[in-house]
Amino acid sequence: MATQELLIRPGTRRTRVLRTGSGDFRRPPGRPRPVIAPGVATAAACRPRRMSGGVQLALVGLLTFVACLGLAAVNGLSSAGSEPVPTGVATVQAQDGETLPQLAHRVVPNSSVDEVVERIVRLNHLGDRALHAGQPLQVPA
């Protein structure tokens, strides 16, 4: 059997195909040999399956919802142990280098620091929130 070489142009790409005299086409060089046998998976069956767009969107939405619930639970746990800001008032002096959050934690350690800072700012009419050593401040007690 004589073998001829044909040039076939599918689209713009040139491909060499070997053809025998009997009319059947042979595999081009470099292309893997197809295995067709009973019980053997084809190459298409071995590829990972891709999710459709709707399923993928639903999965992303579900994961986002679960992440938001987790963040809400963590936020609820962090503020669950704090007590409300006391309604009484006491006078203390700011220490050298002390900030408002440090002062708030020092005077009312079991309450939310942000709420105590806001209360101190309102009680003392602080605009710039800067403290000076020895400065007398009204704080919740």
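Student: In what order do the elements of the chain run from the N terminus on?

Tutor: The order in this predicted model is β-β-α-α-β-α-α-β. That comes to four helices and four strands.

Student: Where is Val139 placed, and why is Val139 called buried?

Tutor: Val139 belongs to strand E4, residues 136-140. Buried means under 20% relative accessible area. Val139 has 2% relative accessibility, so Val139 counts as buried.

Student: What does Val139 touch, leaving out residues up to four places away in sequence?

Tutor: Val139 touches Gly88, Val89, Ala90, Val92, Leu103, Val107, Ile120 and Leu123. A contact needs heavy atoms within 4.5 Å. As for Arg122, 17 residues from Val139 along the chain, the two C-alpha atoms are separated by 9.8 Å.

Student: Why does Leu63 count as exposed?

Tutor: Exposed means over 50% relative accessible area. Leu63 has 53% relative accessibility, so Leu63 counts as exposed. Leu63 is placed in helix H2, residues 53-80.

Student: Which residues make the nonpolar surface patch with Leu63?

Tutor: Met51, Val55, Leu59, Leu62, Phe65, Val66 and Leu69 make the patch together with Leu63, and its area is about 770 Å². Patch residues need over 30% relative accessible area, and Leu63 stands at 53%.

Student: How much of the chain is buried, and what is its accessible surface?

Tutor: Buried residues are 18% of the 141 residues. The accessible surface is about 11,100 Å², with 58% of it belonging to carbon and sulfur atoms.

Student: What share of the contacts with a separation of 6 or more joins residues 24 or more positions apart?

Tutor: That share is 47% in this chain.

Methods:
Residues numbered from 1 in each chain as written. Predicted model: local features only at pLDDT ≥ 70, side-chain atom pairs only at ≥ 80, totals over all residues. Heavy atoms only, no water. Helix = DSSP H or I, 4+ residues; strand = E, 2+ residues; numbered from the N terminus. Buried < 20%, exposed > 50% of the residue type's maximum accessible area, 1.4 Å probe, protein only. Areas by Shrake-Rupley, 256 points an atom, 1.4 Å probe, with all protein chains shown as cover. Patch = residues over 30% accessible without salt bridge, like charges linked within 9 Å, V, L, I, M, F, W, Y side chains within 5 Å. Salt bridge = Lys/Arg side-chain N within 4 Å of Asp/Glu carboxyl O.
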